Amino acid sequence: MDRPDHILIVDDDSEIRTLLGRYLEKNGLRTSAVADGRAMWQALDRAAFDLIVLDLMLPGDDGLTLCRTLRARSDIPVIMLTARGEETDRIVGLEMGADDYLPKPFSARELLARIKVILRRTRSLPPNLRPQEERDIRFGGWTLDTVQRQLVSPEGVVSPIGGAEYRLLRIFLGHPNRVLTRDQLMEMTQGREADALDRSIDVQVSRLRRRLGDGSRDAAMIKTVRGEGYVLSVPVGKEAA
C-alpha cells in the first residue's frame with residue numbers, strides 16, 4: 001500500500017493548523033504542523049516531507065526568509081499563504097522560490113486541489129512535454145543535469161536548480177524555438193489557468209533569466225514575443241554546448 005503524502009504546515013495560528021490538518025488527513029494526506037521557522041527546521045531534520053504549506057507572516061523569520069533559505073537547500077514544493085492577497089507578497093514569494101501561493105482567507109478545498117496538482121507535477125513532467133533521453137541537456141553553452149538537477153554554466157560553475165525554475169526550464173528545453181504563451185506556461189508549470197492579472201509566469205521567467213545571466217532587456221536565450229509569450233531561441237541537444 002502506498003504511503004500517504006506527508007505535508008508540513010507552518011502557521012502560527014493554532015486554529016488554522018488544527019483545522020487544516022484535520023481536513024487534509026480526512027482527504028488521505030498525512031500532516032505535521034508547527035508554529036514557526038525554528039520548529040520547521042527541526043521537523044525537516046526529523047522527517048521527510050512531500051510539500052510544505054508555509055505562512056508568510058510568522059514570528060521570527062518570516063515565510064519569505066524561510067522559503068529563500070529552504071530553496072537553497074532543497075527542492076521540496078512550497079505553497080505560500082499570503083495575508084490580504086497583495087500582489088507584492090505573491091510576486092516576492094515566487095521570487096524566493098515558492099511553487100504557488102494562496103491568499104488568506106482561503107478555502108481548504110482549493111488548497112487541497114493545489115497540493116494535489118503540485119504533487120502530481122513534481123513526480124512527472126507535464127503530459128505534453130516528452131522527456132529527453134539524455135541525462136545532460138545542452139543549450140546556449142549551459143548544461144542541465146536532469147538527474148542531479150544541476151546547472152553547469154559555460155565557465156563550468158555548478159549550481160543546484162529545483163522547484164518552479166527547474167520545471168520551467170525543462171518546458172523551454174522541450175520546446176525550443178517555439179513561442180509559448182503565458183497561459184500554456186501556467187498550465188504546464190502550475191496546472192491551472194492564469195487570470196488576467198496573474199504575473200507569476202513573468203516573475204518566474206525573470207528569475208530564470210537571472211539564473212542564466214540572460215538580462216531581461218536584451219535577453220538572448222529566453223526572448224519575449226510581444227503580445228504572445230516567450231521563446232527559447234538557442235539550439236538544444238547534445239551538440240548545443
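Which residues are buried in helix α3 (residues 63-73)? Keep that question open while the selection is set up. This is a predicted model, in which local features need pLDDT of at least 70, side-chain atom pairs count only at pLDDT 80 or more, and totals for chains, interfaces and linings use all residues. Residues are numbered from 1 along each chain as its sequence is written, and side-chain values use heavy atoms, with hydrogens and water left out.

**Stop 1: helix α3**

Select residues 63-73. Helices (H or I, at least four residues) and strands (E, at least two) are DSSP runs, numbered from the N terminus. The buried residues of α3 are Gly63, Leu64, Leu66, Cys67, Leu70 and Arg71. Buried means under 20% relative accessible area, exposed over 50%, and partly exposed in between (1.4 Å probe, protein chains only). Looking down the axis of α3, the buried residues fall within an arc of 160°, so they line one face of the helix; the arc is that of the directions from the helix axis to the C-beta atoms. Ala72 and Arg73, on the other side of α3, are exposed.

**Stop 2: Arg207**

Select Arg207, which sits in helix α8 (residues 200-211). Arg207 is buried, with a relative accessible area of 17%. Show its contacts (heavy atoms within 4.5 Å). Apart from neighbours within four places in sequence, Arg207 touches Arg71, Leu94, Glu95, Met96, Gly97 and Glu165.

**Stop 3: the parallel sheet**

Next, display the open sheet of 5 strands, whose order is β2-β1-β3-β4-β5 with parallel pairing. Its edge strands, β2 (30-34) and β5 (100-104), each pair on one side only. Two strands pair if DSSP finds at least two bridges between them. On average, neighbouring strands of this sheet are turned by 20° against each other, direction ignored. Axes are lines fitted to C-alpha atoms, for helices over the stretch in contact, and angles run from 0 to 180 degrees between N-to-C directions. Within the sheet, β1 (residues 6-10) and β3 (residues 51-55) run parallel and are joined by 4 bridges; Val10 has Leu54 of β3 as its bridge partner.

**Stop 4: helix α1**

Arg17, Leu20, Gly21 and Leu24 of α1 are buried. They cover an arc of only 105° around the axis, which puts them on the same side of α1. The face turned away from that buried side carries the exposed residues Glu15, Arg22 and Lys26. At the N-terminal end, Asp13 caps α1, with a side-chain oxygen 2.9 Å from the backbone nitrogen of Glu15. After α1 comes Gly28, whose phi is positive, near 90°.

**Stop 5: the hairpin**

Finally, select β11 (residues 222-225) and β12 (residues 229-232), which pair in the antiparallel sense over 4 bridges. Ile222 stands opposite Leu232, and Lys223 opposite Val231. The two strands form a hairpin with 3 residues between them, and Gly227 in the turn has a positive phi of about 80°.

Methods. Polar contact = N/O pair within 3.5 Å; in protein donor to acceptor, adjacent residues only side chain to side chain.
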